[in-house]
Amino acid sequence: MEIEVAKERTGEVLVLSPVGRLDSGNAGSFESVVMEHVNDGERRMIVDFGRLDFISSSGMRVLLLAAKALKAQQGTLVLCSMKDHIEEVFQISGFSQIIPIKDSREAALAVAS
């Protein structure tokens, strides 16, 4: 199953906006999208959660893989615009210590640029 992912570019930063639910059924397609950009040379990436209603551990694993791959290439991954219930999961799991999370896309751009 595929997940809809809107893509935008702001300067040198690629912004990916997954839509709906990111779970074990579509995490593989999301991973393909994200890692294709990383492998094609993207170094600054934002994942905007504004249109995401749910993320499972499978989706979180994709973000961890992307963050590690970008860090290894001196790149940056920043997450933004999370709904409160999703951000709480990232805080409890400790992911917020690994990947920066910002309230808005503007704040994320300030970190990623």
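Trainee: To begin with β4, which residue there is the bridge partner of Leu14?
Mentor: The bridge partner of Leu14 in β4 is Met45. Strands here are DSSP runs of E with at least two residues, helices are runs of H or I with at least four residues, and both are numbered from the N terminus. Two strands count as paired if DSSP finds at least two bridges between them.

Trainee: What kind of model is this, and how are residues numbered?
Mentor: This is a predicted model, in which local features need pLDDT of at least 70, side-chain atom pairs count only at pLDDT 80 or more, and totals for chains, interfaces and linings use all residues. Residues are numbered from 1 along each chain as its sequence is written, and side-chain values use heavy atoms, with hydrogens and water left out.

Trainee: Back to the strands: how many bridges join β2 to β4, and do they run parallel or antiparallel?
Mentor: β2 and β4 run parallel and are joined by 3 bridges. β4 also pairs with β6 in the parallel sense, over 5 bridges, and there Met45 has Leu77 of β6 as its bridge partner.

Trainee: And which way do β1 and β2 pair?
Mentor: β1, residues 5-10, pairs with β2 in the antiparallel sense over 6 bridges. Val5 has Pro18 in β2 as its bridge partner. The hairpin of these two strands has 2 residues between them, and Gly11 takes a positive phi near 60 degrees there.

Trainee: How many residues of β2 are buried?
Mentor: 6 of the 6 residues of β2 are buried, so β2 is largely enclosed by the rest of the structure. Buried means under 20% relative accessible area, exposed means over 50%, and partly exposed lies in between, using a 1.4 Å probe and protein chains only. On one side of β2 the buried residues are Val13, Val15 and Ser17, and on the other they are Leu14, Leu16 and Pro18. In β4, 4 of the 5 residues are buried, so that strand is also largely enclosed by the rest of the structure.

Trainee: Next topic: how many residues are in the largest nonpolar core?
Mentor: That core has 31 residues, and those with the most contacts inside it include Phe30, Phe49, Leu63 and Leu79. A nonpolar core is a set of buried Ala, Val, Leu, Ile, Met, Phe, Trp, Tyr and Cys residues joined through side-chain atoms within 4.5 Å. The largest share of this core, 7 residues, comes from α2.

Trainee: What does Leu79 touch?
Mentor: Not counting residues up to four places away in sequence, Leu79 touches Val47, Phe49, Leu63, Phe90, Ile99, Pro100, Ile101 and Lys102. Contact here means heavy atoms within 4.5 Å. A second, separate core of 8 residues includes Val15, Val78, Cys80 and Ala108.

Trainee: Where is Asp23, and is it buried or exposed?
Mentor: Asp23 is in the loop between β3 (20-22) and α1, and at 17% relative accessibility it counts as buried. A polar atom of its side chain lies 3.0 Å from the backbone nitrogen of Gly25. Leaving aside neighbours within four places in sequence, Asp23 is in contact with Phe54, Ser56 and Ser58.

Trainee: What about phi at Gln74 and Ser81?
Mentor: Most residues other than glycine have a negative phi. Gln74 has a positive phi near 55 degrees; this residue lies in the loop between α2 and β6 and counts as exposed at 70% relative accessibility. Ser81 has a positive phi of about 60 degrees; its place is in the loop between β6 and α3, and it is partly exposed, with a relative accessible area of 21%.

Conventions:
Polar contact = N/O pair within 3.5 Å; in protein donor to acceptor, adjacent residues only side chain to side chain.
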